[in-house]
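Good morning, and thank you for joining this group meeting.

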Amino acid sequence: MAFRVVQPFPAPQARQDEASAQRIDSLGLTRRMRRNRKADWSRRLVRESVLTTNDLIWPLFLIDSSQARSAIAWMPGVDRLNIEEAVRQAAHAASLGIPAIAPFPFVEKSLRDATATEALNTRNLMCRAVRAIKAEVPQIGIICDAALDPYTSHGHDGVMEGERILNDASVHILTQQALALADAGADVIAPSDMMDGRVAAIRAALDTSGHEEVQIMSYAAKYASAYYGPFRDAIGTNATLIGDKRTYQMDPANSDEAIAEVALDLEEGADMVMIKPGLPYLDIIARVKDHFRVPTFAYQVSGEYAMIMAASLNGWLDGDRAMLESLTAFKRAGADGVLTYFAPRVAEILKAGG
């Protein structure tokens, strides 16, 4: 007697899965975006924005001390460096392929006054450090900030009359500061003060003093931001700042104003422009790059660094991935380079093929 094998009737879920597969097979797509994402080699071939060590500028904090390093509480992993250690770190940066560093001074309170006298001292911490670094690591670029806040007793980027920041008087002092830094060997002067007319004044002074090849990287669009807090702790101005900087730094709500500021600085002789802060202002970076097509930089400021580090140290984020993703965002927005405290870590990862 022959037995007929009866196939089990598919369960409802199996019928649903089979029907779904049939529907997918029948889409008839000619363009599937995921094809180019299928493997690492393919993703690398079609990558639109690429981060390299050539995109990195490393900000360093200096201190006049016999101790090589002094920890900065609000910026985990970042230390203030004495001149000897700064020279060693500049050499390390050069060995990693980082093109430039940007030193900032912690000035002792006793050296600060209302008119930033110490900023003009050709033997001040910054000038001595620049000379020492250039003597030992001549191949690395040195970008020096032109601003008075590390040197003023009131913590502002300019001199004051009562509660008012004096624009033209401040520019006069900033110009002398820029000349002192250029004489010490600075390759780039970076005015970060946001005084009107300071780029033209500095350019004229440099050119008439034999420094016509010294570049100017203007902080062209620098916003009055809450993200600067850890930096002010690092240079010791958070405790001295009187009031705020909203009469000269830009309103975070403004975008068209940034275009006007950049246009003025370029007309006055800036070779490069900078947007500060970075990630909260990616739209400004993109607008500036699209509009002017000039070398455009971003500053991933201390608050941005501190947030990523805090989340990483608490296990809330993969720190290295977040760091690399944030820097890639600057490149995607159009930045030609980024000032970032992550620079040596990023360079090590990129050098290792990460």
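**Helix contacts, pockets and cavities**

I begin with a contact between two helices: Asp-320, Met-323, Leu-324 and Leu-327 in α11 meet Arg-345, Val-346 and Ile-349 in α12. Contact here means heavy atoms within 4.5 Å. Helices (H or I, at least four residues) and strands (E, at least two) are DSSP runs, numbered from the N terminus.

Before going further, a word on the basis of these values. This is a predicted model, in which local features need pLDDT of at least 70 and side-chain atom pairs count only at pLDDT 80 or more, while totals for chains, interfaces and linings use all residues. Residues are numbered from 1 along each chain as its sequence is written, and side-chain values use heavy atoms, with hydrogens and water left out.

Two packed helices are described by the angle between their axes and the distance between the axes. Axes are lines fitted to C-alpha atoms, for helices over the stretch in contact, and angles run from 0 to 180 degrees between N-to-C directions. For α11 and α12 (residues 343–351), the angle is about 95° and the axes are 11 Å apart. That makes α11 roughly perpendicular to α12. On this scale, angles under 35 degrees count as roughly parallel, over 145 as roughly antiparallel, 65 to 115 as roughly perpendicular and the rest as oblique. By class, the residues of the contact of α11 with α12 are 5 nonpolar, no polar and 2 charged. In this classification, Ala, Val, Leu, Ile, Met, Phe, Trp, Tyr, Cys and Pro count as nonpolar, Asp, Glu, Lys and Arg as charged, and the others, Gly among them, as polar.

Helix α11 (residues 319–333) also packs with helix α9 (residues 282–292): their axes come within 8 Å and cross at roughly 30°. α9 is therefore roughly parallel to α11. On the α9 side, Leu-282, Ile-285 and Ala-286 meet Ala-329, Phe-330, Arg-332 and Ala-333 of α11. The contact of α9 with α11 has 6 nonpolar, no polar and 1 charged residues.

What does α11 give to the largest pocket? It gives the most to the lining, with 6 residues. Both α2 (40–45) and α11 supply at least two lining residues each. The volume of the largest pocket is about 860 Å³. Its lining has 21 residues, of which Arg-43, Arg-47, Glu-48, Ser-49 and Thr-328 lie nearest its centre. That lining divides into 7 nonpolar, 4 polar and 10 charged residues.

As to terms, on a 1 Å grid over the protein atoms alone, a cavity is a set of points where a 1.4 Å probe fits but cannot get out, and a pocket is an open set with protein on both sides within 12 Å along at least five of seven lines; lining residues have an atom within 4 Å of a point. Grid points are joined across faces, edges and corners, and a volume is the space filled by probe spheres set on the points.

How many cavities of 30 Å³ or more does a search of the whole structure find? There are 2. The largest cavity has a volume of about 120 Å³. Of its 16 lining residues, Asp-149, Lys-222, Phe-231, Lys-245 and Lys-276 lie nearest the centre. At least two lining residues come from each of β9 (215–222) and α7 (229–235), and α7 gives the most, with 3. By class, this lining has 7 nonpolar, 2 polar and 7 charged residues.

Pro-277 is placed in the loop between β10 (272–276) and α9. Ala-116 is in the loop between β4 and α4. Most residues other than glycine have a negative phi, and most peptide bonds are trans.

The second largest cavity holds about 60 Å³ of space. Among its lining residues are Phe-104, Met-126, Gln-177 and Leu-181. β4 (100–106) and α5 each supply at least two of the lining residues. The lining comprises 7 nonpolar, 1 polar and 1 charged residues.

I close with α4 (residues 125–136) and α5 (residues 167–184), which pack at an angle of about 25°, with axes 8 Å apart. These two helices are therefore roughly parallel to each other. Met-126, Cys-127, Val-130 and Arg-131 of α4 make the contact with Ala-180, Leu-181 and Ala-184 of α5.
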